[in-house]
Amino acid sequence: MTKRLFLLCLALLGAGFSAGCGDSRSHAQAVYVLIDTSGTYAQEAAKAQVIINYLLGTLQPGDSLAVARVESRSFTEKDIVAKATFDARPSQANAQKRAFREATDRFLKNVKQSRYTDITGGLLQGAEFLNETGAGTKTIVVFSDMQEELDKITIRQVPMNLKRIRVVAVNVVKLSTDNIDPRRYFGRLEAWQKRVVAAGASEWRVINDLERLDAIFSRT
Amino acid sequence: MNGSPFWMLWPESPALSIFVLAIVGLVFLYAARKPMHELLRAVGALLGGPLRLGARWMVTTAQQMKERNRAVLLAHGRHEAGQRIEREFERLGAVVRRDLQGYPTLQRKLLDEITRIEEDYKKCGEVPPPPPDWVEAVTAMANVKTGGSEMVQKILEEIKSSIAKIHDKAIGEYRRSYETRHKILEGFMPFWRSVDRNIAEVNKKLGDLQESAKGVDGLMSKYEAINAKTDKAEHALTVSAFTQFAIALLVMAVAAGGAFINFKLIALPMSEMVGAGDYLTASLRTSEVAALVIIFVEASMGLFLMEALRITHLFPRIATLNDTLRRRMMWIALVLLVTLAGVEAALALMRDMLIADKQALIQSLATVQQAAQADGWVSRIPTAGQMLLGFILPFALAFIAIPLESLIHSSRTVGGVLLAALVSTLAIVLRVLGNVARRMSRVLITLYDVVIVLPLLVERLTKAGMAMRHSAVDADDSAHQAR
């Protein structure tokens, strides 16, 4: 009787492990935060610290986080202010988070305004970073008014690949022209949505209330 | 098509159509009565037969299961009662060895004391010698008549004073003698007390022995009842198994709660050892599985410890090991358990540190800085509590082996009884369904006849008319023949 029970337990354990070991998906999250530093939006940059702090408090060991600025031309690694894949050990991950916070603090205290706004370049760079992490859930957080302005020689009419990446536009402030004609604001957001969805993004969202970030980053 | 139903023979006259169709239908049903009856009976038998067969099979199976359960239950009960009697006898033997081995000494002591008391008693019996014979002479002299003689008077007075002296002396001797005897009697007291104490002790030991013997008698009666396979013994064993099952289940539930707390204590710090980013399934982290494995290993070590201590008997191989090997195994299990308990205590401490670190990080990330908490001894109580729990819980979990054994042993009886009850219930259900199928076919046959009641009435009348005609013809024939 006991022997049979033991064998049954062993078989159940084996079945459980074989079922469990079969799950090779990555459960890590990777988040790429783009911070607009152009024109008047540079004043808003300080608010980005709230998002970064929230992400640092929410992300788990093994997750990845990068913060980059949106400049006149943003498709470059040089614009990445800080990036880290947090260690699997919680104590090490906490130490990394502290260092990360210090790095972003330094950047946000000395934000330099850029003449143009290359959001597309930032998205391309972010997608590249996120795909390299191999994370299961990939998110680009765009902290911008979503008003793209490029110089004459910069070419951004290139196909983007945002497959299985969520794009969240945060703190999309209204411009003075939007106040005159709200259609411009909604049109701008709609145009971005179309573009992002056409690029294969899994989701497009706009969150202006920074308190609602948990709806996106809470783990299911 | 004019919209009227297809079965309308005369669309302009629906009543007539329905009437004609009803007549045709009745005729058809009347014509098909016999085969329809047979069909309904066959369907009833087709459904009812297998159901009744299944019910009979289930009744037989339930009976076999009950017999098998009974055999297993009685065998188990016999084994348990035998073991208990064996243990009781061992205990009784130990009591006899411990208490009665001093009996010869006690007996000698008692005899010595009694002999001494007897000697003293004899001494008490020694009385002073009786008054000398001259007392009679004095009495005779006292009866002498003085006759007024002065000399006789004087002699008598002298005799009187001598006698008074002698009397005083004799009285003094008597008093001294009684004093000595009183002293001897007083000297009895400690011996009496000692004898009383010894006898009381003997009584108590004999009483204990008698109680134990009564216990053995009770167990022997139970064993005999089990051997005789009486219904009462079976019932008692079944009830006992159910009680054991319920108690074991309750204790296991409590232990599961303890295991859950244990899991919570070590799941987070285990991520520091095996990493927090690995997942076995969508929601099961490797660190959580590692924590569970540690808890299971602790429970297993506890199981082996209990087996090696011969408290439980789940593994016959361990029970049959020789004493040296068994003792080694016990020590190995104990050392591993203590090590794991130490590891858990360390993990509990690490958990506290990790949580504190995380809290500090979150506090530093918060936009509004919270006031720092005082780092006094009060704040260390949860840490100490966690460490203590981490150390104690593995040992507490080790005792799961005892209710587990009870659960496993009693579940055979409980499961068997419940399964037999289920099979019996199914048998009843199948029997009822079979009967319903058979009765339903009869009901349908009767209903069929109710539907075609008119043709049946016509048939009955026709048959009656024909019978009357036949009887009239027969009567005519008889009359002709008589003429």
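Student: In chain B, at what angle do the axes of H6 and H11 cross?
Tutor: Helix H6(B), residues 231-274, and helix H11(B), residues 401-451, cross at roughly 130 degrees, and their axes come within 8 Å. Axes are lines fitted to C-alpha atoms, for helices over the stretch in contact, with angles from 0 to 180 degrees between N-to-C directions. The model is predicted, so local features need pLDDT of at least 70 and side-chain atom pairs 80 or more, while totals for chains, interfaces and linings use all residues. Residues are numbered from 1 along each chain as written, with chains lettered from A and ligands numbered from 1 in written order.

Student: Which residues make the contact?
Tutor: On the H6(B) side they include Thr238(B), Phe242(B), Phe245(B), Leu249(B) and Met252(B). H11(B) brings, among them, Pro403(B), Leu407(B), Ser410(B), Val414(B) and Val417(B). Contact requires C-beta atoms, placed from the backbone, within 7 Å.

Student: How does that set divide into nonpolar, polar and charged?
Tutor: Twelve nonpolar, six polar and no charged.

Student: New topic. How do H3(A) and H9(B) cross?
Tutor: The axes of H3(A), residues 90-109, and H9(B), residues 323-365, come within 10 Å and cross at roughly 15 degrees. That makes H3(A) roughly parallel to H9(B).

Student: Who makes that contact?
Tutor: H3(A) contributes Pro90(A), Ser91(A), Asn94(A), Lys97(A), Arg98(A) and Arg101(A). From H9(B) come Leu354(B), Asp357(B), Lys358(B), Leu361(B) and Leu365(B).

Student: And the division there, by residue class?
Tutor: For H3(A) with H9(B), four are nonpolar, two polar and five charged.

Student: Stepping back, how many residues does each chain put into the contact?
Tutor: Chain A puts in 23 residues and chain B 20 residues.

Student: Which helices of chain A supply the side that touches chain B?
Tutor: H1 (2-21), H2 and H3 of chain A each supply at least two residues of that side. H3(A) has the largest share, six residues. The side of chain A that touches chain B divides into nine nonpolar, nine polar and five charged residues.

Student: Last one. What does Ile140(A) touch?
Tutor: Leaving out residues up to four places away in sequence, Ile140(A) touches Tyr32(A), Leu34(A), Leu123(A), Gly126(A), Leu130(A), Ile165(A) and Val167(A).

Terms used. Helices (H or I, at least four residues) and strands (E, at least two) are DSSP runs, numbered from the N terminus. Angles under 35 degrees count as roughly parallel, over 145 as roughly antiparallel, 65 to 115 as roughly perpendicular and the rest as oblique. Two residues are in contact if their C-beta atoms, placed from the backbone, lie within 7 Å. Ala, Val, Leu, Ile, Met, Phe, Trp, Tyr, Cys and Pro count as nonpolar, Asp, Glu, Lys and Arg as charged, and the others, Gly among them, as polar.
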